[in-house]
Amino acid sequence: MRFMGTFRPKLDEKGRLFLPAKFRDRLAEGVVVTQGQEKCLVVWPPEVFDIEADKAAERSMTDKAARGYQRMFFSGGDEVVPDKQGRVSIPPALREYARLEKDVVVIGVRNRLEIWNPTAWDEYQAAEIQRFADLDESD
């Protein structure tokens, strides 16, 4: 499953997000929404989430960083089934975490989608664009 592109949908008054039309069929059976790094949300197809969850669970419970990652990864997660219009409800705690209001940015990141506050995405992208341009494997 491959997700690519940038979309700028809006949340409705109930905190529901229309998934980008080109991805709706692939996500119709349900998704897992979790907290992501950089204060975004991650929308996982269930089979991809299971792979990531297994990787997280394999890390030793005696590793403090692993415990912290597992707590953040799982505690903020929610399983959601899109409605007939292709909308998913974003729980209030996740909307607050990612500072989501009406306008949002949804980006495809290969095997997942990310949902960003537009200002946070624009700032992140501006900061990363030069690093991306400067990537050179010969360094």
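The following dialogue goes through some features of a predicted model and the reasons for the words used to describe them.

User: Why is Val81 called exposed?
Analyst: Val81 has a relative accessible area of 58%. The word exposed applies over 50%, so Val81 is exposed.

User: Where is Val81 found?
Analyst: Val81 is in the loop between E5 and strand E6 (87-89).

User: What is Val81 in contact with, leaving aside its neighbours within four places in sequence?
Analyst: Its contacts are Ala28, Glu29, Gly30 and Arg87. Contact requires heavy atoms within 4.5 Å, so each of these residues has a heavy atom within that distance of one in Val81. The C-alpha atoms of Val81 and Val31 are separated by 6.3 Å, although the two residues are 50 residues apart along the chain.

User: What makes E3 largely enclosed by the rest of the structure?
Analyst: Buried means under 20% relative accessible area. Five of the five residues of E3 are buried, so the strand is largely enclosed by the rest of the structure.

User: How do you know that E3 and E5 pair?
Analyst: Two strands pair if there are at least two bridges between them. Three bridges join E3 to E5, so these strands pair, and they run antiparallel. In this pairing, Val32 stands opposite Glu79 in E5.

User: How many bridges join E1 to strand E7 (residues 105-109)?
Analyst: Two bridges join E1 to E7, and at least two are needed, so E1 and E7 pair. E1 and E7 run antiparallel. Val106 in E7 is the bridge partner of Phe7.

User: What is the order of the strands in the open sheet?
Analyst: The six strands have the order E1-E7-E8-E4-E3-E5, with antiparallel pairing.

User: Why are strand E1 (6-7) and strand E5 (78-80) called edge strands?
Analyst: Each of E1 and E5 pairs on one side only, and each is listed as an edge strand.

User: Which strands does helix H2 (residues 46-58) lie across?
Analyst: H2 lies across E3 and E4, and runs at about 115 degrees to E4. Helix H5 (residues 118-134) also packs on the sheet, touching E1, E7 and E8. The direction of H5 makes about 110 degrees with that of E8.

User: What lines the largest pocket?
Analyst: The lining has 15 residues, and Gln35, Gly36, Gln37, Val42 and Tyr69 lie nearest the centre of this pocket. Strand E3 (31-35), strand E4 (41-44), helix H3 (64-75) and strand E8 (112-116) are the elements that give two or more residues to the lining. H3 gives the most, with three residues. By kind, the lining divides into seven nonpolar, four polar and four charged residues. About 250 Å³ of space lies in this pocket.

Key: Residues numbered from 1 in each chain as written. Predicted model: local features only at pLDDT ≥ 70, side-chain atom pairs only at ≥ 80, totals over all residues. Heavy atoms only, no water. 1 Å grid on protein atoms, 1.4 Å probe; cavity = no way out; pocket = protein on both sides within 12 Å on 5 of 7 lines; lining within 4 Å. Points joined across faces, edges and corners; volume = space filled by probe spheres on them. Helix = DSSP H or I, 4+ residues; strand = E, 2+ residues; numbered from the N terminus. Nonpolar A, V, L, I, M, F, W, Y, C, P; charged D, E, K, R; others polar. Axes fitted to C-alpha atoms, helices over the stretch in contact; angles between N-to-C directions. Buried < 20%, exposed > 50% of the residue type's maximum accessible area, 1.4 Å probe, protein only.
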